[in-house]
Each structure stands twice: as structure tokens, then as C-alpha cells.
Amino acid sequence: MKNGKWYFTRELLRTNELRNVIVIPNKVDQGWGNKAKVDNQKFNEFIKIAKELNDNGIIPLLMGSVGLEVVTGKSWQAQDLDIHVPGDKRGWEIPPELNIHKWNEIVSIMNSMEYDLMDLHEHEFSKEGLSVEFGIIDTLPDFAGVQLEDLEMQKMQGVKYYLLGPEQYLRVYESSSMDSYRADNNNNKDFRKIDFLKSMIYTT
């Protein structure tokens, strides 16, 4: 990191393991999204969903492994899409049909895109084997110390969305790793991500 901005070394680009993503993420002025040319089915599907959300006044945050792949240029074998949208910061304390703002509109959007609601509590939709789960942006400050005003807005193909930077991802995965259930059920993937992010942050 130089002057508060992130630069990727040629060595990192040469070791890019994500075969179907071409990444040149030089976060100088326009953000990760504009500097990363992505050819990835899950990311492309996210952009389609984000466009529909934008049309309904929602700017989503791309979370999870798909977002991490865009930021790191490394395959994390993403299995699903993790999208966070505005909601009640109390999270699970609120009934699931009420804790995400504009939930009815989101359900209508996903249904129009031929997704089926599989689990209301997890806000999970599915289509042709792809799972899409919605979380709440507003829980990030308490959960991981990521402040909403620090989120970087991206724009790709006219679609607006947020994407975490490496340090913010590190905070999220460090917080997630404290959940023993998650640690036991994801084969300690969070710890591998933490190690990679630390090496990326502190050696760049």
C-alpha cells in the first residue's frame, strides 16, 4: 500500500490462479471493479442482479468468495453468491421477513429472474444449482468493525455496487473465524483466506 492506495505487483499478477478471471486491480482512482476485467459466471450473474436492484433504488455489496476473487485475483472456489443490502442493524433479532429493507421488492426481482426462495431465514434463493443469499450491510460495523461510510462504490456496465478492500475483507474473515460452527463446516477456509490477505496487505 502506498499513500493509502493499493497496488498489485507483477509477481502477484503472474501467480494469478483464477483461470476465468483476468485481473488488473490497480486501485488508484476508480476502484477495484473498474480495474478488474472479470469473465466469471457468478460475478456476471451478480451484475445482472445488481442492475435489477439498482432499478429499485438498492446498491448492493458483493461479499463472500466471489468478491474476494475479484479483489485478490485468486480462485477461492466460490460456491454461491453472497449479496448484502440495506436492512436493520439488529440482524437476526428481527423477523427475517422484516430485517431486510425492500424485502418484498427483492423477492419480486429474484422471482422475475426465475429464482426460487429456498430459505426465508437465510434469505436464500436458488436457480439451476446457484445459491444466492442476501445479508444485511448495516450489521458490518458491529460484526467486523467495517464502517459503511468507508465502503468503496464500484461501477461496471453502468451498474453500481460496493466491494470490500483487502483490509475490510480481513476484518470480516477474522470475525467469521471466531464462529466455531462456521470454522468446523468450511474446512477452515476462512483461515486460509486470512493468511492470504495478511500476506497481500503486509507485503505489497
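In this predicted model, the axes of helix H4 (residues 64–72) and helix H9 (residues 189–203) come within 12 Å and cross at roughly 25°. Axes are lines fitted to C-alpha atoms, for helices over the stretch in contact, and angles run from 0 to 180 degrees between N-to-C directions. H4 and H9 are therefore roughly parallel to each other (angles under 35 degrees; over 145 counts as roughly antiparallel). From H4, Ser65, Leu68, Val71 and Thr72 meet Lys193, Phe196, Leu197 and Met200 of H9, where contact means heavy atoms within 4.5 Å. These residues divide into 5 nonpolar, 2 polar and 1 charged.

Helix H4 also packs against helix H7 (residues 166–176); their axes come within 11 Å and cross at roughly 150°. H4 and H7 are therefore roughly antiparallel to each other. Gly64, Ser65, Gly67, Leu68 and Val71 of H4 make this contact with Pro166, Tyr169 and Tyr173 of H7. By class, 5 nonpolar and 3 polar residues take part, with no charged residues.

The protein as a whole has 9 helices and 9 strands (DSSP runs of H or I, at least four residues, and of E, at least two). Of its 204 residues, 48% are buried (under 20% relative accessible area, 1.4 Å probe, protein chains only). Among contacts between residues at least 6 apart in sequence, 59% join residues at least 24 apart.

Residues are numbered from 1 along each chain as its sequence is written, and side-chain values use heavy atoms, leaving out hydrogens and water. Local features need pLDDT of at least 70 and side-chain atom pairs count only at pLDDT 80 or more, whereas totals for chains, interfaces and linings use all residues.

Note on methods. Buried < 20%, exposed > 50% of the residue type's maximum accessible area, 1.4 Å probe, protein only. Parallel < 35°, antiparallel > 145°, perpendicular 65-115°, else oblique. Nonpolar A, V, L, I, M, F, W, Y, C, P; charged D, E, K, R; others polar.
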